[in-house]
Every structure is written in C-alpha cells, then in structure tokens.
Amino acid sequence: MYFLFVLIITSCLAKSDSSRILHSVFSDSNTTQVYYGSINYDTEQYNIFNSLNINDVGNPKRIKYSVLPLTYDPNDDVIYMAAPDNDNRPILSVINATTGHLLSTFKSISNTIISLQFDIFQKQLFAHIESEKENVTLLTEIDTTNGNIKHVLATIRDSKPTYMSSYCPICRKYFLMMIEDEHFVYAGVNTSNSGGLDWKAKLNYSPTGMKFDYKTFTMYTTYVNTSIRYVSSIGILDRTKGGISKNVGIISESPDVGVTSFSAFDIAEKIYYASITLDSVFPNGISYVNVDNSQGDLNFFPNTKYNSHAWFIKQFVH
Ligand SMILES: *[C@@H]1O[C@H](CO)[C@@H](O)[C@H](O)[C@H]1NC(C)=O
Ligand SMILES: *[C@@H]1O[C@H](CO)[C@@H](O)[C@H](O)[C@H]1NC(C)=O
Ligand SMILES: *[C@@H]1O[C@H](CO)[C@@H](O)[C@H](O)[C@H]1NC(C)=O
Ligand SMILES: *[C@@H]1O[C@H](CO)[C@@H](O)[C@H](O)[C@H]1NC(C)=O
Ligand SMILES: *[C@@H]1O[C@H](CO)[C@@H](O)[C@H](O)[C@H]1NC(C)=O
C-alpha cells in the first residue's frame with residue numbers, strides 16, 4: 001500500500017495547467033448499452049456524453065483484438081468505430097464526437113475489422129480487415145457514404161494481425177504491427193496512388209503500442225526492457241535497426257505495473273498515454289509521458305465502473 005500512497009502523492013504534485021483528457025468508448029456491467037465520453041486524468045472524472053445501444057452499434061465487449069477499431073475525423077468532428085454484432089459481423093458506426101449521437105451505421109463489410117485510420121488531410125477512411133483466409137489481411141479504403149470497400153490497397157500474407165496500427169497523413173502511410181513466426185513485424189502500406197505494401201521490417205522487441213507523430217516523423221512505441229530490471233518504457237522505433245533507437249521515457253519501473261493495449265498520442269503537447277494495470281487488482285490505470293522531456297506520471301482509477309475500449313485525443317493539429 002506504500003506504493004499506492006507514493007503514486008497518489010506524486011500524481012498530486014504533477015498537476016499542470018494543460019488538461020489531460022482522453023476520449024473513449026466505455027462499457028460497464030449493462031449488457032445492452034455502451035457509452036461515449038471522456039476521462040480527465042487530473043480530476044479522475046469520467047464524463048459520459050451519450051449511451052449507445054449495442055443492437056445499433058455492435059458490442060465492443062465482443063471484439064476479437066483487444067482494442068476497438070476507432071478513428072477520429074476532426075474535419076467533421078465524428079468518430080468511426082467498428083464493433084461486432086451478434087453474428088460477429090462488423091457494424092461500422094459514425095458518431096458525433098461532441099454529443100455521442102449516432103449518425104449512421106453500415107453493415108457492408110462481412111469480415112472482422114482489425115483497425116481503422118482516418119486521413120485527416122485527404123479526408124479518407126482506411127481499414128485493416130481480415131480476409132476469408134487465416135493470416136491474409138487486406139488494407140482497404142472505405143467509402144464513408146455507404147461503408148463499402150472502395151479500393152484494396154494491399155493484401156498482406158503470412159502474417160497474423162494485431163490491434164496495433166498508426167497513420168501518417170503527410171506521407172500517406174498506414175503502419176501496422178503483425179506477427180510472423182513468433183516475431184513482431186512492422187509494416188507500412190501506401191494509401192496514395194495505387195497503394196502497395198511498401199516495406200516490412202522484422203523487430204527485435206515486442207511492442208505493446210505505437211503512435212506516429214506526423215509533425216516530427218517519429219514513431220513512438222511502448223515496450224518492456226528486461227535487460228537488467230523490468231522497466232516499462234517508451235522509445236523511438238527505428239525500422240532500419242528493427243528496434244528501439246532511443247528510450248524517451250519510463251512508464252514504470254515496477255514489475256507489478258503492466259502496460260496494456262490502449263494508447264493515445266497528444267501531438268500538440270507531445271504526450272504519449274498508455275493504459276496500465278496494477279497486479280490486475282486495479283485494471284484501470286493511465287500513464288503519460290512527455291516524449292520531449294521524459295516527464296510523466298501514472299494514476300489508477302480504482303473506483304470506476306467503466307472499462308475503456310479505445311482511446312483518442314480530440315484535436316486537429318495541422
Ligand atoms: C441498461 O440500460 C438500459 C437503458 O438505460 C436500462 O433500461 C437497463 O435497466 C439497464 N440494465 C441494467 C442491468 O442496469
Ligand atoms: C454534432 O453535434 C453538434 C451539437 O449538437 C452539432 O453542432 C454538430 O453539427 C453535430 N455534427 C455532426 C457531424 O452531426
Ligand atoms: C498464422 O501466423 C501465426 C504467427 O506466425 C502462426 O503461428 C500460425 O500458425 C499461422 N496460421 C496459419 C494458418 O498459417
Ligand atoms: C509507396 O510510396 C512511396 C512514396 O510515394 C514510393 O516511393 C514507393 O515506391 C511506394 N511503394 C509501393 C509498393 O508502391
Ligand atoms: C534497457 O535497459 C538498459 C539497462 O538499464 C539500458 O542500458 C538500455 O539503454 C535500455 N534499452 C532500451 C532500448 O530501452
């Protein structure tokens with residue numbers, strides 16, 4: 001309990017002026033509803049904007065990969081998310097990102113949607129989806145007017161997909177983490193011109209998340225460094241080295257703190273958020289690290305009834 005006490009003290013000291021707010025889709029014990037809202041890291045407040053019926057938007061608790069496919073379009077201020085219906089077919093929903101009101105749903109894709117990315121400058125929606133064959137996935141552009149696949153940009157073979165993806169709206173590339181023969185593989189797919197799998201790089205570490213900073217062309221990634229002690233870290237991914245070129249911050253040096261699947265990057269404030277658990281007693285934790293100065297902190301939310309299914313930062317940075 002001394003450890004928790006230290007956490008509470010340090011999180012009080014670390015309060016600053018800029019607000020640390022993550023937007024998310026949540027669920028609780030209610031089996032018919034999910035929620036759209038936000039979490040304020042500093043005040044520990046969950047703010048629910050609207051409830052959504054899982055018969056309309058699908059059930060985020062049934063997703064196959066650990067993060068709900070969700071992406072934010074700041075031009076129209078909407079989110080696109082994909083959750084499975086009772087037959088495990090994805091429902092692609094368009095939701096007002098201010099009010100949480102459901103604007104439209106599409107059921108035109110039959111295979112599992114693994115991740116979604118919105119190109120904020122070209123205003124295009126992309127999806128990584130499963131095919132009929134195991135370890136063959138498709139990177140596609142989705143028509144936002146009807147939810148249909150507009151183009152297949154790449155077919156990725158012999159790779160098991162993961163929930164990890166990120167996007168560069170300047171270089172127009174969809175980044176993916178895949179698994180091939182026990183190794184993580186980092187791939188880049190062109191979303192410009194005729195598409196194409198541009199490269200694949202075998203990694204010498206096991207990532208738990210990645211976020212691309214399109215202002216500095218840097219891919220940040222979370223991992224555990226066990227070389228001397230157990231250290232949950234954030235680093236810069238270097239594709240030519242197939243690994244971490246620089247450690248930019250520490251999430252936790254306690255082996256009791258596990259880094260889990262959710263992450264978000266505040267591109268204006270240069271803050272990387274990663275979800276954490278404490279000995280699985282406190283499953284709802286948030287860590288943040290400023291990737292420029294390595295300052296950060298973590299906080300647990302033991303009293304909340306809500307579980308997150310995806311995180312994003314509501315911002316539009318040009
Ligand atoms: C779930 O939410 C619906 C709609 O608000 C409500 O009618 C229902 O009673 C809730 N179920 C439980 C178990 O709380
Ligand atoms: C979202 O809701 C706000 C507040 O009602 C409204 O001003 C805005 O036009 C809505 N956006 C869309 C895309 O429906
Ligand atoms: C899919 O890929 C994973 C990871 O490489 C491998 O373990 C599994 O056997 C593959 N399945 C098929 C059907 O190729
Ligand atoms: C992807 O785009 C880059 C930059 O436009 C180009 O150099 C490369 O050849 C493209 N790769 C494929 C597979 O088309
Ligand atoms: C891993 O930890 C060792 C020992 O603290 C350190 O020297 C090394 O730079 C770390 N590597 C990465 C990639 O974080």
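## Briefing: a predicted protein chain and its ligands

The shell around ligand 2 holds two nonpolar, three polar and two charged residues. Here Ala, Val, Leu, Ile, Met, Phe, Trp, Tyr, Cys and Pro count as nonpolar, Asp, Glu, Lys and Arg as charged, and the others, Gly among them, as polar. The model is predicted: local features need pLDDT of at least 70, side-chain atom pairs count only at pLDDT 80 or more, and totals for chains, interfaces and linings use all residues. Residues are numbered from 1 along each chain as its sequence is written, while chains are lettered from A and ligands numbered from 1 in the order in which they are written.

**Ligand surroundings**

- Around ligand 2 sit Asp 76, Asp 77, Val 78, Asn 96, Thr 98, Thr 99 and Leu 103. A residue is near a molecule if its C-beta atom, placed from the backbone, lies within 6 Å of it.
- Ligand 5 has Asn 225, Ser 227, Ile 228, Ser 233, Gly 235, Ile 244 and Asn 247 around it. Strands β18 (231–238) and β19 (243–252) each give two or more residues to this shell.
- The ligand 5 shell has two nonpolar, five polar and no charged residues.

**Overall fold**

- The protein chain has two helices and 24 strands. Both are DSSP runs numbered from the N terminus: helices are H or I with at least four residues, strands are E with at least two.
- A compact globule of 318 residues would have a radius of gyration near 20 Å, and the chain agrees with its 19 Å. The radius is taken over C-alpha atoms, and the globule rule is 2.2 Å times the number of residues to the power 0.38.
- Along the principal axes, the C-alpha atoms fill a box of roughly 55 × 45 × 35 Å.

**Burial and core**

- Of the 318 residues, 43% count as buried. Buried means 20 or more other C-beta atoms within 10 Å of the residue's own, exposed means 12 or fewer, and partly exposed is in between; C-beta atoms are placed from the backbone.
- The largest nonpolar core has 85 residues, of which Val 25, Tyr 80, Met 81, Tyr 272 and Tyr 273 touch the most other members. Such a core is a set of buried Ala, Val, Leu, Ile, Met, Phe, Trp, Tyr and Cys residues joined through C-beta atoms within 7 Å.

**Lys 202**

- Lys 202 lies in strand β15 (residues 197–202). Lys 202 is partly exposed because 13 other C-beta atoms lie within 10 Å.
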